[in-house]
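These are my notebook entries on one structure. I record what I looked up and what each search returned.

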Amino acid sequence: TSYRINETIRALTVISVLLLPLSVIAGIYGMNVQLPFAAGGQNPYTFYGILAVMLAIVVGLLLFFRWKKWF
């Protein structure tokens, strides 16, 4: 049972580490202040750029976890 608990905790840790940077980015860009790439909504591709950065972070973290054989 201890091994199963450790595997469950490891999976939950991986999920939380994946979601933390995404939550931080979404929280920062949700604030009502001037931010890089915001530019008053003049560029319609800014949203997709931020999504691409978030996706790159997730893919990078997944590759790192796969490399360390944690996931």
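What share of the 71 residues in the protein do buried residues make up? I found 14%, in a predicted model. Buried means under 20% relative accessible area, exposed means over 50%, and partly exposed lies in between (1.4 Å probe, protein chains only).

**Entry: conventions.** I number residues from 1 along each chain as its sequence is written. Because the model is predicted, local features need pLDDT of at least 70 and side-chain atom pairs count only at pLDDT 80 or more, while totals for chains, interfaces and linings use all residues; side-chain values use heavy atoms, with hydrogens and water left out.

**Entry: overall make-up.** I looked up the secondary structure and found two helices and zero strands. Helices (H or I, at least four residues) and strands (E, at least two) are DSSP runs, numbered from the N terminus. The protein exposes about 5900 Å², of which carbon and sulfur atoms supply 71%. Accessible areas come from the Shrake-Rupley method with a 1.4 Å probe, and for residues only the protein chains shown count as cover.

**Entry: core.** I searched for the largest nonpolar core, and it has eight residues: Val 14, Leu 18, Leu 22, Ile 25, Ile 50, Met 54, Val 58 and Phe 65. H1 and helix H2 (46-67) are the elements that give two or more residues to this core. Such a core is a set of buried Ala, Val, Leu, Ile, Met, Phe, Trp, Tyr and Cys residues joined through side-chain atoms within 4.5 Å.

I then followed Phe 65, which is buried at a relative accessible area of 5%. Neighbours within four places in sequence left aside, Phe 65 is in contact (heavy atoms within 4.5 Å) with Val 14, Val 17, Leu 18, Trp 70 and Phe 71.

**Entry: aromatic rings.** How many aromatic pairs does a search of the whole structure find? The search returned four. Rings of Phe, Tyr and Trp (its six-membered ring) pair if their centres lie within 6.5 Å; planes under 30 degrees apart count as stacked, over 60 as edge-to-face and the rest as tilted. Phe 64 and Trp 70 are an edge-to-face pair, because their ring planes stand at 90°, with the centres 5.9 Å apart. The rings of Phe 65 and Trp 70 have centres 5.8 Å apart and planes at 35°, so I logged this pair as tilted. Phe 64 is partly exposed at 35% relative accessibility, and Trp 70 is partly exposed at 40%. One aromatic cluster is formed by Phe 64, Phe 65, Trp 67 and Trp 70.

**Entry: Ile 57.** I located Ile 57 in helix H2 and classed this residue as partly exposed, at 27% relative accessibility. Pro 21 and Ile 57 are 36 residues apart in sequence, yet 7.8 Å apart in space, C-alpha to C-alpha. Apart from neighbours within four places in sequence, Ile 57 is in contact with Pro 21 and Ile 25.

**Entry: Lys 69.** Where is Lys 69 found? I placed Lys 69 in the segment after H2. Its phi is positive, about 60°, although Lys 69 is not a glycine. The residue is exposed, with a relative accessible area of 70%.
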